[in-house]
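Please open the model in the viewer and follow the stops below in order.

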Amino acid sequence: MTDSSQRPLAVFDLDNTLADTAHRQHFLETRPRNWAAFFAAAPADPPLAEGVALAVDSARECEVVYLTGRPERCRRDTLDWLAAHGLPEGPVHMRGDADRRPARFTKLEILRRLALSREVRVLVDDDELVCDDAERAGFTVVRARWAAKSEALQDAQEREGRT
């Protein structure tokens, strides 16, 4: 049962929702993919104005929570990036370093766990499969369509469970 005395949650993805990953996509277009370089370049991601504005606005009524497919080893860089770009403080849920399940599975699992004790008012994500599954599970979704799509990133999210 959810606790109605606490503020509802607004759940935000990071890559291509709040952070523009275009400058590091080339690391995913090689074979094998260079995951170390892809994640090492994340601190240089420019913020996506639409996503940042939505997160800041959501913080007026909700507790902001971050839900990313980035591996746990990226936590320090991720926290530093969020703070450097003025995003609201909030818990950051990341995948385990060895977790290679598709993002739609890992994220829906965490959303359901969050919803056990709190109202999840909205999920904001760019991954269409994550959004489809979340909507089917009854969550309200905002599809982050303000960043350029990357076939390599979409493939990585679904087939390799890396982000």
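Two strands pair if DSSP finds at least two bridges between them; strands (E, at least two residues) and helices (H or I, at least four) are DSSP runs, numbered from the N terminus. The model is predicted: local features need pLDDT of at least 70, side-chain atom pairs count only at pLDDT 80 or more, and totals for chains, interfaces and linings use all residues. Residues are numbered from 1 along each chain as its sequence is written, and side-chain values use heavy atoms, without hydrogens and water.

Select the strands. An open sheet of 5 strands runs in the order β3-β2-β1-β4-β5, with parallel pairing. Its edge strands, β3 (92-95) and β5 (141-143), each pair on one side only.

Next, select β1 (residues 9-12) and β4 (residues 120-125), which are parallel and joined by 4 bridges. L9 has V120 as its bridge partner in β4.

Now move to W35, F38 and F39, which form one aromatic cluster. Rings of Phe, Tyr and Trp (its six-membered ring) pair if their centres lie within 6.5 Å; planes under 30 degrees apart count as stacked, over 60 as edge-to-face and the rest as tilted. F38 and F39 are an edge-to-face pair, 5.2 Å centre to centre with 75° between the planes. F38 is buried at 0% relative accessibility, where buried means under 20% relative accessible area, exposed over 50% and partly exposed in between (1.4 Å probe, protein chains only).
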